[in-house]
Amino acid sequence: MKLDLKSETGAATAEYAIATMAAVGFAGLLVVIMRSDEVRQILFDLVRSALTFNNPNATPTA
């Protein structure tokens, strides 16, 4: 029996499995990080400032 080292049979399936495992690991890390109150507050402030419009050309009112 001859071993064919150039065969790529199953390579795509293995790549999908590795990418899926990496994505699951990254999602788990995000869940752990998002449970932190400090990180949640930072992200909330970032979204709030992104959605708040401040006109730089507005004249200040007294």
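Q: Where do Arg48 and Asp45 lie, and how many residues apart are they?
A: Both sit in helix α2, three residues apart, which is about one turn of the helix. A helix here is a DSSP run of H or I with at least four residues, numbered from the N terminus. A word on the source: this is a predicted model, where local features need pLDDT of at least 70, side-chain atom pairs count only at pLDDT 80 or more, and totals for chains, interfaces and linings use all residues. Residues are numbered from 1 along each chain as its sequence is written, and side-chain values use heavy atoms, with hydrogens and water left out.

Q: What makes the contact of Arg48 and Asp45 a salt bridge?
A: The term asks for a side-chain nitrogen of Lys or Arg within 4 Å of a carboxyl oxygen of Asp or Glu. Their side chains meet at 2.8 Å, N to O, so the pair qualifies.

Q: Why is Asp37 called exposed?
A: Exposed means over 50% relative accessible area, buried under 20%, and partly exposed in between (1.4 Å probe, protein chains only). Asp37 has 54% relative accessibility, so Asp37 counts as exposed.

Q: Why is Arg40 called partly exposed?
A: Arg40 has 42% relative accessibility, so Arg40 falls in the in-between class.

Q: What makes Asp45 partly exposed?
A: Its relative accessibility is 29%, and therefore Asp45 belongs to the in-between class too.

Terms used:
Helix = DSSP H or I, 4+ residues; strand = E, 2+ residues; numbered from the N terminus.
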